[in-house]
Amino acid sequence: MTAVAPEDAPPGPARLGTVDGRTAWGTVRTVLRLHRTALLVWAAVVLALSGWLVWLTEIAVKEELAAWEACERAGQDLCDMTVGWVGYSESLGWAGLLISYCFLAVAAFAGGGLIGRELENGTARLAWAQGITPARWLTAKLAVPALALTAGATVLVLVYRWAWGTHRNLTYNGWMGDDAYLSRGPAGLAYTLCALAVGVLTALLLRRALPALAVSVAASGLLAFVVAQYRGSFWPAVTRTSAADGVDLPDNAWELENGVLIHGRRTPDVDYWACDGTAAEARRCLDDLGVTGYYTTYHPESHYWPIQLVETGVVLAVAALATAAAFLLLRRRTATAATA
């Protein structure tokens, strides 16, 4: 016969693990119940955007595809400009912008509804008084939304990549555009998780829902703006020079800088366009300026993934720092309150 431990027996390793597991699941279930409306809204957004992209790519584009094929059969020039630059491409661009910058809404939710409101109303302290440690409370508050955001953002990125690449001849959305860069790679997901961490940290600092909401959005937007300014330097760029007038770039290249060579030295801000007139007069003017050639610095489309991965690493590092700072701040605040 197997011995049964009495109910008041001291919690050995097995019993303690069971209690911890039940408490952890109870904390997660509480987070799901408190924020079920936000989870449902996020699921609806993912489904709506995915459905819109599928409808655009499979159904709405048929008329433009027929017009494109007719233009090509007629041997007309610039079919991409006359056919594909209004309907399908514009709608695809708007969808890409919504996916790229949805992290701003995540920052607002994390700073306001997820953490700021509970600190302001005192419900967080009520949870801590019922046996949930502050660290476990914050872990659940971060983990549950992070899992939901990761799943939804991954679906959106995959669907948008498929839609963006299906009818490239009908789009003017360049690979480095605001609508297509973040929405097609892991950097978009990294910004979403970073916005969550920044929002949580801001809420712990301010402990007020509305101020935390505003500061979280501003901080996340500022981070994205600053990182975008250095995006071109995340991977070594290509520089081409030419002794002729200008440099021919490969298709879909992202041009960073262009200018002239003054005695072999790259100079981007020389007003050599003023040298006009006959060929001899233009050449004499260029010789007076010391122009010996032209150069252009750019990223080919093959650099998309290296730039994406470097930026993803940078943003995830910021997210990790913000998360660590949030836990340290919470531990310091709760320790101070306990000793007061």
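Arg-184 lies in the loop that joins helix H8 (134–166) to helix H9 (186–206), helices (H or I, at least four residues) being DSSP runs numbered from the N terminus. The model is predicted, with local features requiring pLDDT of at least 70 and side-chain atom pairs counted only at pLDDT 80 or more, whereas totals for chains, interfaces and linings use all residues. Residues are numbered from 1 along each chain as its sequence is written, and side-chain values use heavy atoms, with hydrogens and water left out.

The side chain of Arg-184 does reach the backbone oxygen of Trp-175, at 3.5 Å. Beyond its neighbours within four places in sequence, the residues in contact (heavy atoms within 4.5 Å) with Arg-184 include Tyr-160, Trp-164, Trp-175 and Trp-305.

Ser-183 is found in the loop between H8 and H9 and counts as buried because its relative accessibility is 0%. Its side chain reaches the backbone oxygen of Asp-179 at 2.6 Å, and, residues up to four places away in sequence not being counted, Ser-183 touches Gly-96, Ile-99, Ser-100, Val-157 and Tyr-160.

Helix H6 comprises residues 103–121, and among its buried residues are Phe-103, Leu-114, Ile-115 and Glu-118. Just after H6, Gly-122 adopts a positive phi of about 85°.

Key
Helices (H or I, at least four residues) and strands (E, at least two) are DSSP runs, numbered from the N terminus. A polar contact is a pair of N or O atoms within 3.5 Å; within protein, one must be able to donate a hydrogen and the other to accept it, and residues adjacent in sequence count only if both atoms are side-chain atoms. The expected span of a helix is 1.5 Å times one less than its number of residues. Buried means under 20% relative accessible area, exposed over 50%, partly exposed in between (1.4 Å probe, protein chains only).
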